[in-house]
Amino acid sequence: MYDRWYQNAVIYCLDVETFQDSNGDGIGDFAGLTSRLDYLAGLGITCIWLLPFYPSPNRDNGYDITDYYAVDPRLGSLGDFVEFTRHAHERGMRVLIDLVVNHTSDQHPWFQAARCDPRSRYRDYYIWSADKPPDADQQVVFPGVQQSTWTWDAQAGAYYHHRFYEHQPDLNIANPAVRAEINKIVGFWLQLGVSGFRVDAAPFLIDIPSFQHGDAQDRYQYLRALRETLSWRRGDAILLAEANVDPQTLRQYFGDGDRMHLLFNFYLNQHLFLALVREQAQPLIESLRALPPIPPPCQWANFVRNHDELTLDRLTPQERQEILDAFAPEPNMRIYGRGIRRRLPPMLTGDRRRMVLTYSLMFTLPGIPVLRYGEEISMGDDLSLRERESVRTPMQWNDQPHAGFSSAPGEDLIYPPIDHGPFSYQRVNVAHQQRDPTSFLNTMERMIRTRKECPEFAWGTWQIMDPGTAQVLALRYELEGRTVVTLHNLGRTAQRVRLALGSGAPRLIDLLSARQHELPEGTPYELELEGYGYRWLRLVS
Ligand code: NOJ
Ligand code: CA
């Protein structure tokens, strides 16, 4: 039962174009990424998730695709992709890729054919309307940058639907030909060795106008159909969906374990930030209680930050404001009226204890961790860049020019590496931290190793404990008679923690340090937890 790799994976997310440039053109590429695989293996990563690397006009960081069956030539060839996948497998790491089929680029040949000719077989690949629907200007995903969800196309003589930017027309998955196309894309990449897909914008993918009048279940049936195709083609492949919806609706995405294998836990993520701001465990406790139970073959994917804004849309306006005031006090740090375009370390003003506490939570909350490149060395952001680009600067490998990312002249770089302030590559980089046993990188590496040795976090049943202080989150995990307890002090002040551990557990081993505690039979366990302190404890009888 405990052999489903994705239920205990450690995922590392990266964008090929900002990771490592191998040929000096200023753009990261597959050959560069392949040369860094030993680093990722050393960190303990078991699965790499690649952001879109397909041919693209790149108006949405590659989420605007013009060819689903190829690699952006700037990043390499299909051959380079297969070499990379092979070398990742050699080191025991699987590869996930982004499946972006809610929309294409408006430059995709399908859209070009569709807009020119109403009789084209591609016309019905997209969603058209003779009139602009009355609610067209509501519910835009990128307020302030995007005007509408329906845009007039003069060539087509009709409005087309797009949930995201106007250069991203939505595909019509009610059309069987589009479904067949998606199956073909999935089959193609599985054949090339990937272990699954991150399903981009899952709620929008299935929420298309022609479905709105039918049975609400129809749209979720599509997720099942997609899953069936995937599992038939490759039994151990998985779907990891981006579905930032309310807790009740999340259940639909798991189905009976026959739809998505993994869901990003956006709900927990937003409450994590609320808990950090308030220095209280309550928001985490409430969100853990509000989330639906998950079917046995499924799992949550926990994260701290991703390549987008930190969205706070599941919180009340007042809760959102608390976080914005604390972590994004300046207007330039905010975006889309609901989020923050910063990485974690600058939000926490570089407070190392608090940063480590946050990642300790990510590694131990029920589910699996998804780390984003640069988080393991506490990289910062560049607010002079546009929109979400602030959090997409190149990986900081060393203190050499351009952070060791590229040998290209500065003006050729895809983005400039961060070269000033406390998070500059001269101060924050892999090479320095590898040589320092107490570095952030080595702390993260040790946490990853320990996490992998604790299958309780992935498969155990968990329970919220009462530590006798509202500042501390205490969780107890049990799996086949083995028990781990985690403690996280969200506040800056030291707290006295008191836990009733029951009988038969006379010894507690601290998994991250040399501390050990003998417990006299029947007494509650007591300890002093320093401000922003954390413990991973195994009970041994
Ligand atoms: C979600 C992706 O995470 C985001 O980066 C992108 O802009 C939208 N989907 C549109 O593809
Ligand atoms: Ca390159």
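The model is predicted, so local features need pLDDT of at least 70 and side-chain atom pairs count only at pLDDT 80 or more, while totals for chains, interfaces and linings use all residues. Residues are numbered from 1 along each chain as its sequence is written, chains are lettered from A and ligands numbered from 1 in the order in which they are written, and side-chain values use heavy atoms, leaving out hydrogens and water.

**The whole protein**

- The secondary structure comes to 16 helices and 22 strands; these are DSSP runs numbered from the N terminus, with at least four residues (H or I) for a helix and at least two (E) for a strand.
- The radius of gyration, taken over C-alpha atoms, is 24 Å, close to the 24 Å that the globule rule gives for 541 residues, so the protein is as compact as a globular protein of that length. That rule is 2.2 Å times the number of residues to the power 0.38.
- Along the principal axes, the C-alpha atoms fill a box of roughly 80 × 55 × 45 Å.
- Of the 541 residues, 63% count as buried (buried is under 20% relative accessible area, exposed is over 50%, and partly exposed is in between, with a 1.4 Å probe and protein chains only).
- Among contacts (heavy atoms within 4.5 Å) with a separation of 6 or more, 68% come from residues 24 or more positions apart.

- Helix α9 (residues 266-278) and helix α13 (residues 352-364) have axes that come within 12 Å and cross at roughly 145°. The axes are lines fitted to C-alpha atoms over the stretch in contact, and angles run from 0 to 180 degrees between N-to-C directions.
- Leu 272, Leu 276 and Val 277 on the α9 side meet Arg 354, Leu 357, Thr 358 and Leu 361 on the α13 side.
- Sorted by class, this contact has 5 nonpolar, 1 polar and 1 charged residues (Ala, Val, Leu, Ile, Met, Phe, Trp, Tyr, Cys and Pro count as nonpolar, Asp, Glu, Lys and Arg as charged, and the others, Gly among them, as polar).

**Salt bridges**

- A search of the whole structure finds 36 salt bridges, each being a side-chain nitrogen of Lys or Arg within 4 Å of a carboxyl oxygen of Asp or Glu.
- Asp 38 pairs with Arg 91, with the closest N and O atoms 2.5 Å apart. Asp 38 lies in helix α2 and Arg 91 in the loop between α3 and β3, so the pair ties together parts that are 53 residues apart in sequence. Arg 91 is partly exposed, at 30% relative accessible area.
- Asp 207 and Arg 163 meet in a salt bridge at 3.5 Å, N to O. This pair links distant parts of the chain, 44 residues apart. Asp 207 is buried at 18%, and Arg 163 is buried at 8%.
- Glu 181 and Lys 184 form a salt bridge with their closest N and O atoms 3.9 Å apart. Both lie in helix α5, 3 residues apart, about one turn of the helix. Glu 181 is buried at 10%, whereas Lys 184 is partly exposed at 49%.
- Asp 60, Asp 308, Arg 388 and Arg 392 are linked in a network of salt bridges.

**A buried arginine**

- Arg 338 lies in the loop between β12 and β13 and counts as buried, at 16% relative accessibility.
- Leaving aside residues up to four places away in sequence, the residues that Arg 338 touches include Phe 142, Pro 143, Glu 309, Asp 313 and Arg 320.
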